[in-house]
Amino acid sequence: MAERPGFLGRLRATLARTREALSARIDDLLAGPLDETFFSELEEALIQADVGAGLSAEIAGRLRGQTSGVRTADDLRARLAAIVTELLGVPHALRLDPPPAVIMILGVNGSGKTTTIGKLAHRLRGDGRRVLIAAGDTFRAAAIEQLEIWGERVGAPVIRHKEGADPAAVVFDAAQAALARRADVLLVDTAGRLHTKVNLMEELKKVDRVVARALPDAPVERLLVIDATTGQNGLAQARHFHQAVGLTGLVLTKLDGTAKGGIAIAVVRELNVPIAYVGTGEGLDDLDAFDPSAFARALVEP
Ligand code: GDP
């Protein structure tokens, strides 16, 4: 079997279009002086990479203030990468001790929650942890079935009720099962239907309260799954989830698709919540711990 390329290699392939656009622009622009035109065109290139208008202006402005000593395109790229790395924040390690830890997986339907739960369960199992999954999206029968398929694949039992059941009841049962079976991690799937946003947020808060009551000593992660190909639209949704439950981390999925990586910088800045993982495909192993510096380099290096 061919060896999988590392995080950086995979990201470089994933973000090729954005990187080439940014990088080629920087090369072109550097043929001329580092003047107003250069910085406004760099700003434009960042906007096209999904960084968002305000933040693109800020990054271009910061770079403008750091040009002394810059001789080559590589010098400039290194400074740009340093600025982007800083904006991407620190790596986020999940809090899993003392067990059982709870990881709530939140996000709108289609963002990649089910797939992320499967990948994350696989990863945690690989670390030798006992994993249990709660099928908390009772709104969609298909979601429960998909979760069971993933659970079987990765060797993690799924606690489920019937379609239409109270998600809080499922999660309560799963919490009891986690204690009884001495699970290390309880992964909780949640609903993500958008057309009843108010009810959805109330439901998520209720699930969160049930977790706190059933497992008062458990560390709880609340990870929002964001489809990176939705660009700036994903941001407004992310804000709602953050207001409702207080996110502890983000998972950016589908970075292998048509995503432009700049959205990563925008979400961290917008929510002030770190990215824990990125999804780079539909396979079991296509989930990587997020590395801000590698990500920044994959964006701006040639
Ligand atoms: P959910 O509705 O939030 O549970 O989303 P799913 O997990 O069912 O994912 C929706 C679709 O996105 C499925 O077709 C997944 O295979 C796909 N998907 C999820 N994560 C990734 C990823 O990182 N890369 C790619 N290419 N597809 C993904």
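A pocket here is an open set of grid points with protein on both sides within 12 Å along at least five of seven lines. A molecule sits in a pocket if more than half of its atoms lie within 2 Å of its grid points. Keep in mind that this model is predicted.

**Stop 1: the ligand.** Select the ligand. The ligand sits in the largest pocket. Now show its surroundings: 16 residues, with Gly-110, Thr-114, Thr-115, Asp-256 and Glu-282 the closest. By class, this shell has nine polar, six charged and one nonpolar residue. Colour helix α6, residues 113-126. Helix α6 gives the largest share of the shell, four residues.

**Stop 2: ligand oxygens.** Select Thr-115. An N or O atom in the side chain of Thr-115 is 2.6 Å from an oxygen atom of the ligand. Next, show the backbone of Gly-112, where a polar atom is 3.0 Å from a ligand oxygen. Then go to Lys-254: a polar backbone atom there is 3.0 Å from an oxygen atom of the ligand. The protein covers 77% of the 580 Å² of accessible area that the ligand has on its own.

**Stop 3: two cis bonds.** Most peptide bonds are trans. Select Asp-97 and Pro-98: the bond from Asp-97 to Pro-98 is cis. Pro-98 is in the loop between α5 (73-87) and β1 (101-106). Move to Pro-99 and Pro-100, also joined by a cis peptide bond. Pro-100 lies in the loop between α5 and β1.

**Stop 4: positive phi.** Most residues other than glycine have a negative phi. Select Asp-50, in the loop between α3 and α4. Its phi is positive, about 75°. Is Asp-50 buried or exposed? Asp-50 counts as buried, because its relative accessibility is 15% and the cut-off is under 20%. Finish at Asn-272, between α11 and β7. Asn-272 has a positive phi of about 55° and counts as exposed at 69% relative accessibility.

Notes. Residues are numbered from 1 along each chain as its sequence is written. This is a predicted model: local features need pLDDT of at least 70, side-chain atom pairs count only at pLDDT 80 or more; totals for chains, interfaces and linings use all residues. Side-chain values use heavy atoms; hydrogens and water are left out. A residue is near a molecule or strand if one of its heavy atoms lies within 4 Å of it. A polar contact is a pair of N or O atoms within 3.5 Å; within protein, one must be able to donate a hydrogen and the other to accept it, and residues adjacent in sequence count only if both atoms are side-chain atoms. Accessible areas come from the Shrake-Rupley method with a 1.4 Å probe; for residues, only the protein chains shown count as cover. On a 1 Å grid over the protein atoms alone, a cavity is a set of points where a 1.4 Å probe fits but cannot get out, and a pocket is an open set with protein on both sides within 12 Å along at least five of seven lines; lining residues have an atom within 4 Å of a point. Ala, Val, Leu, Ile, Met, Phe, Trp, Tyr, Cys and Pro count as nonpolar, Asp, Glu, Lys and Arg as charged, and the others, Gly among them, as polar. Buried means under 20% relative accessible area, exposed over 50%, partly exposed in between (1.4 Å probe, protein chains only).
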